[in-house]
Amino acid sequence: MTDLPERTCSIDRLVTHPKLVEAALSGRKTQQRRDGVYAYPNETFTLEGQEFIVTDLTRETIGDMTDAEAQAEGYPSLAMYRDLILRMHAGMEWDESAPVWVHHFKRVD
């Protein structure tokens, strides 16, 4: 992992909100954007007894996000994702150039 930065948080904090856990368990959520690195490719985490594996870790800006990627985050649209993020983080502004780490994952069957 020498080309990736050090982890900024533990993998068990990657997906925590109950609705997003439910979306991951149902297969609707396969990505999680964070401002730091929570996991590296091939690492696993468990949600309600189900194992998931991180398949990729990419660097993007929040402005690169599309409706399809918002859906992969477990939201119906980019507009709903943006609105929720701004409600969750009081005082935050939506900065299209803000860098994020995209954790891609899938369920291990």
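Predicted model: local features only at pLDDT ≥ 70, side-chain atom pairs only at ≥ 80, totals over all residues.
**Entry 1**

I started with the strands. I found an open sheet of four, in the order E1-E4-E3-E2, with antiparallel pairing. I then looked up which strands sit at the edges: they are E1 (31-34) and E2 (44-47), and each of these pairs on one side only. Ignoring direction, neighbouring strands here are turned by 35 degrees against each other on average.

Strand E3 covers residues 50-61 and strand E4 covers residues 99-107, and I count nine bridges between them in the antiparallel sense. For a landmark on screen, I noted that glutamate 60 stands opposite valine 100 in E4. A reminder to myself: strands of a sheet pair through backbone hydrogen bonds, either parallel or antiparallel.

**Entry 2: the rings**

I went through the aromatics and got five aromatic pairs in the structure. Phenylalanine 45 and phenylalanine 52 make a stacked one, with 5.4 Å centre to centre and 15 degrees between the planes. Are these two buried or exposed? Phenylalanine 45 counts as buried because its relative accessibility is 5%, under the 20% cut-off. Phenylalanine 52 is buried too, with a relative accessible area of 1%.

I then turned to tyrosine 75 and tyrosine 81. Their planes stand at 80 degrees and their ring centres are 5.2 Å apart, so I logged this pair as edge-to-face. Both of these tyrosines are buried.

Back at the phenylalanines, I saw that ring pairs link Phe45, Phe52 and Phe105 into a cluster.

The charged end of arginine 82 sits over the ring of tryptophan 94, 5.7 Å from the ring centre.

**Entry 3: serine 77**

Where is serine 77? I found it in the loop between helix H2 (67-72) and helix H3 (78-88). Serine 77 has a relative accessible area of 19%, so I put it down as buried, since the cut-off is under 20%.

I also looked up its surroundings. A polar atom of the serine 77 side chain lies 3.2 Å from the backbone nitrogen of methionine 80. Leaving out residues up to four places away in sequence, I noted that serine 77 touches Asp67 and Ala70.

Note on methods:
Residues numbered from 1 in each chain as written. Heavy atoms only, no water. Helix = DSSP H or I, 4+ residues; strand = E, 2+ residues; numbered from the N terminus. Buried < 20%, exposed > 50% of the residue type's maximum accessible area, 1.4 Å probe, protein only. Polar contact = N/O pair within 3.5 Å; in protein donor to acceptor, adjacent residues only side chain to side chain. Contact = heavy atoms within 4.5 Å. Phe/Tyr/Trp six-rings, centres within 6.5 Å; stacked < 30°, edge-to-face > 60°. Lys NZ or Arg CZ within 6 Å of the ring centre and 35° of its normal. Pairing = 2+ DSSP bridges. Axes fitted to C-alpha atoms, helices over the stretch in contact; angles between N-to-C directions.
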